[in-house]
Amino acid sequence: MVRIVVEEDRRSMEEGLIQQRHQNERDDPRVTTCVILSTFVAVCSSFSFGCASGYTSGAESQIMKELDLSIAQFSAFGSFLNLGAALGAFCSGQLAIIIGRRRTLWACDLLCMFGWLSIAFAKDVFWLDAGRISLGIGVGLISYVVPVYIAEITPKHVRGAFTSSNQLFQNCGLSLIYFFGTVINWRVLAIIGALPCVIQAIGIYFIPESPRWLAKIGSGKEVEHSLHQLRGRDADVSAESAEIQVMTKMLEEDSKSSFYDMFQKKYRRTLVIGIGLMLIQQLSGAAGVTYYSNTIFRKADFSETLGSMIFGVFVIPKALLAVIFVDKWGRRPLLLVSAAGMSMGSLLIGVCFTLQGMNILPELTAVFIFICILVYFGCFAIGVGGLPWVIMSEIFPINIKVSAGTIVTLTSWTSGWFVSYAFNFMFEWSAQGTFYIFGVVGGASLVFIWFLVPETKGQSLEELQASLMGTT
């Protein structure tokens, strides 16, 4: 008898969700100043994230000379960002659910500011590495909470573009470091990397908390208050508020949100998609190319200063394309184009290094390698670089977002640590072999994306999650 009543209540909630969905399809909420401001404040830390990613490339020669570091010591320093990020990722989901998205962003700022300042004033390798690890922990938190926060506050018809701004600002930070890294002292670069965290720490006090997190903790009135801030004081938020609370309640009654819930059969596909996309993002070699681009330029006999500056200018327009087209073309087409371009770029780089080793066309191979690196990284920026985080923030329902998001983010950073640490050793072993491996990974990723990754544009988070679980 009790089971019948529960099932009736569940069907009633699902019917209510479907009715609210039809209402939302007729009336997309407008993009307000508050949504834009909140997104900007959130992605300030993404800018610092980008600075951290490119820092080792821009500052490599200066740091190694001033602190007398070996290749192994500098490789360890570079990889400690990923090691720290793995630690941050491990607690990111739980921290975001316990203290909320805004306070988690504030914790990111403290960790990143300490990390940057420790690097800036380091007198030996201990403080250099300690700062890199602290910065990595902050970056690990950023990589989870920023896309999740943006996805939870933005209207569905612009969610992809706004969430992709996370990757855009990462590329802006990366561009800054690449462009000025060879001409500005490495200690000054570290201080510049800390400035966005200061801006965000102040801006957090002026943005609302995520309405979906508020629904998770049972604050019904605060959900509507947050939505009014985000959608406008005169906006009718009752339908959106009801949809969020109905779906959250349904999921909470269905599961008590233990760690093992994400391994249930109905969540299997979303977990495989999330982990798979993060492995594609890292094992395709992006961390190695990003962290040690100047090493590649030296090996190719191409000017480090010229290469870094052109690289710095190039990455922003490519990332901007993802923001423009993600809600027009969709996630799947961009991911497929991105993976195909990265695979082709990697294979061509391998071919160029092979020709260089055979002393064939020596006057042209350096330029060809540089062009292929631009192709590789440009394709990375429009899809694989940022869209896995967009999709991760969309596909997991609120009751497993903590555990699944933690596992997915941890997967990204642990695999990234492996690539960033091993890259220099692999590159010394065989430059062409390294990129042939990355090319094969890119080809395998095409198959994975084609058969498993769904299109998520144009759906509310509740609609998308219900369809992936097979409840509608």
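A salt bridge is taken here as a side-chain nitrogen of Lys or Arg within 4 Å of a carboxyl oxygen of Asp or Glu, and the structure holds 7 of them. This is a predicted model, in which local features need pLDDT of at least 70 and side-chain atom pairs count only at pLDDT 80 or more, while totals for chains, interfaces and linings use all residues. Residues are numbered from 1 along each chain as its sequence is written, and side-chain values use heavy atoms, with hydrogens and water left out.

**Salt bridges**
- Arg 187 pairs with Glu 66, their closest N and O atoms being 2.9 Å apart; the pair links distant parts of the chain, 121 residues apart, with Arg 187 in helix α7 (residues 186–203) and Glu 66 in helix α2 (residues 33–66), where helices are DSSP runs of H or I of at least four residues, numbered from the N terminus.
- Arg 187 is buried at 18% relative accessible area, whereas Glu 66, at 45%, is partly exposed (buried means under 20%, exposed over 50% and partly exposed in between, with a 1.4 Å probe and protein chains only).
- Glu 152 forms a salt bridge with Arg 101, with the closest N and O atoms 2.8 Å apart, and both residues are buried.
- Glu 60, Arg 298 and Glu 304 are linked in a network of salt bridges, within which the closest N and O atoms of Glu 304 and Arg 298 are 3.3 Å apart.

**Cysteines**
- With a disulfide defined as a pair of cysteine sulfur atoms within 2.5 Å, the count comes to 0.
- For Cys 112, the nearest cysteine sulfur is that of Cys 197, 4.5 Å away, and Cys 112 is buried at 0% relative accessibility.

How values were computed. Helices (H or I, at least four residues) and strands (E, at least two) are DSSP runs, numbered from the N terminus.
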